[in-house]
Amino acid sequence: MCTLEKTGNIFYLTLTGDDEHRLNPTLIATLRSSLAQVKSQAVNSSVLITKADGKFFSNGFDLKYAQAGGSPQAAKDRLLNMVDLFKPVIADFMSLPIPTIAAVTGHAAAAGLMLAMSHDYITMRSDKGVLYMSELDIGMTLPDYFMALIRSNIGSAGARRSLVLKAAKIRAEEAVAMGIVDSSHPTMDETVDAAVRMAEELGKKRWNGKVYAEIRKSLVPELCGLLGLKDTVVMPSRL
């Protein structure tokens, strides 16, 4: 599950427990509820940090939940349903009127990596943890909004190939070089601390939240088109 706490101007969304933080309908619904709460309570100095307990940030969709459907077709239907349910989570992040930072303190795989990449910035732990798109290894194509998110966040064609056509397990230093994450840090605590320092600096800017969200969306038009998000023009109250 996850919790939402607020300290000063920073919201902390934490994937709790010592498991793999697999994304199933229950966790997805809880994430959406937490993000709605953040959106309703945010002010111009607010920032969101998402982090996780244990050795996983998130290991993607809950395949055990899918397999519990009882038949191969039921398992496929459950997996496709999770793909559909997770799509609005990405839309929620794209629409948040505040800066967002993922503190990736453990493995982030498949949909779990997409969760991290839906943030504006990523700090990553270098002593443990990898980024990994497992779809090629398990024999599954990537949803269209996954690929749009990858294309939006990773400028290098070679880096994209390594991630999705080699199913490479990418450590923090390499992820920085590939432009997937913004910084790497030796330990879990230092990874979170780096995210907090960044959040404090961003919060001081006190940007207009509606403007921030609209400019973010304008950076990723392909993704926003697939998510059904439309642009809104925001003008200054005084010229």
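## Leu-131 in strand S8

Leu-131 belongs to strand S8, which covers residues 131-132; helices (H or I, at least four residues) and strands (E, at least two) are DSSP runs numbered from the N terminus. The model is predicted, so local features need pLDDT of at least 70 and side-chain atom pairs count only at pLDDT 80 or more, while totals for chains, interfaces and linings use all residues. Residues are numbered from 1 along each chain as its sequence is written, and side-chain values use heavy atoms, with hydrogens and water left out.

The relative accessible area of Leu-131 is 2%, and the residue is therefore buried (buried is under 20% relative accessible area, exposed over 50% and partly exposed in between, with a 1.4 Å probe and protein chains only). Apart from neighbours within four places in sequence, Leu-131 is in contact with residues including Val-104, Ala-108, Met-124, Ile-170 and Val-181 (contact means heavy atoms within 4.5 Å). Leu-113 is another of these partners; its C-alpha lies 6.5 Å from that of Leu-131, across 18 residues of sequence.

## Packing of H1 against H3

Helix H1 (residues 25-41) packs with H3 at an angle of about 15 degrees, and their axes are 10 Å apart. Axes are lines fitted to C-alpha atoms, for helices over the stretch in contact, and angles run from 0 to 180 degrees between N-to-C directions. The two helices are therefore roughly parallel (under 35 degrees; over 145 is roughly antiparallel, 65 to 115 roughly perpendicular and the rest oblique).

On the H1 side, Pro-25, Ile-28, Arg-32, Leu-35 and Lys-39 take part, meeting H3 residues among which are Met-82, Phe-86, Asp-92 and Ser-95. By class, this contact comprises nine nonpolar, one polar and three charged residues; Ala, Val, Leu, Ile, Met, Phe, Trp, Tyr, Cys and Pro count as nonpolar, Asp, Glu, Lys and Arg as charged, and the others, Gly among them, as polar.

Lys-39, in helix H1, is partly exposed because its relative accessible area is 45%. Beyond neighbours within four places in sequence, Lys-39 is in contact with Ser-95, Leu-96 and Pro-97.

Gly-209 is one of the buried residues of helix H10 (residues 209-219), as are Tyr-212, Ala-213, Glu-214, Arg-216 and Lys-217. The buried residues of H10 pack against helices H3 (72-95) and H11 (221-227) and against strands S5 (100-104) and S7 (121-125).
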